[in-house]
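Here are a few friendly notes to read alongside the structure. Take them one at a time, and keep the picture open as you go.

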Amino acid sequence: ENSELKEDIEEASIRINTTSTQLETTQLRLKKTREQLNSTKDLLEVTRRNLTLTEADLANKTTMLTETQEELEDALNKAKCELNSTVTSTWDMLYSPDIFNEILTLEKLAYFKTKIEKLSCFVGVRMTDTVIRFFKLYHGIHQDACK
């Protein structure tokens, strides 16, 4: 009986040692996993910060792109309404880049004064398509240059 008890104790001791070794191995693996998790968390935080910076940069670039597109559209619209390649009316000169959609000044008027004396009463008026169409209609020319 004693020998059986000794064997049982030895077997139990072996199992305890094996279980203890397995526990230590598992604890080491858990420690490594936690370290990896912490490292991954750190990397994730860096990635989040980079993403935030990238999103802010994207928003800035989007704003710049929108502004550039608006400037381009304005430039294209202005180019469409500049002085016609074939002048069909005296008023077509109002589509020149120096006057179209600009404030008429005395300096600008001096350039055109020899051709159109009647404009002097419009100093200070913005020369828009509507104003130019008024001149063309008022003087019997029924042709729109910017349509």
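1. Does Lys61 count as buried or partly exposed, and at what relative accessibility? Lys61 is partly exposed, at 46% relative accessibility. Please keep in mind that this is a predicted model.

2. Lys61 has a partner: its side chain meets that of Asp57 in a salt bridge, at 3.4 Å from N to O. The two residues sit 4 apart in helix α1, so about one helical turn separates them. Asp57 is partly exposed too, with a relative accessible area of 38%.

3. The count of salt bridges comes to 3. Another one links Glu11 with Arg15, with the closest N and O atoms 3.6 Å apart. Glu11 is partly exposed at 41%, whereas Arg15 is exposed at 53%. Glu45 also forms a salt bridge with Arg49, at 3.8 Å, and these residues are again 4 apart in helix α1.

4. Now step back to the whole chain. You will find 3 helices and 0 strands, in the pattern α-α-α. Buried residues make up 16% of the 147 residues. The accessible surface comes to about 11800 Å², and 56% of that belongs to carbon and sulfur atoms.

5. How far should you trust each part? The mean pLDDT of the chain is 81. Over residues 140–147 the pLDDT is below 50. Where pLDDT is low, the predicted coordinates should not be read in detail.

How values were computed. Residues are numbered from 1 along each chain as its sequence is written. This is a predicted model: local features need pLDDT of at least 70, side-chain atom pairs count only at pLDDT 80 or more; totals for chains, interfaces and linings use all residues. Side-chain values use heavy atoms; hydrogens and water are left out. Buried means under 20% relative accessible area, exposed over 50%, partly exposed in between (1.4 Å probe, protein chains only). Accessible areas come from the Shrake-Rupley method with a 1.4 Å probe; for residues, only the protein chains shown count as cover. pLDDT is the predictor's confidence in each residue, from 0 to 100. Contact means heavy atoms within 4.5 Å. A salt bridge is a side-chain nitrogen of Lys or Arg within 4 Å of a carboxyl oxygen of Asp or Glu.
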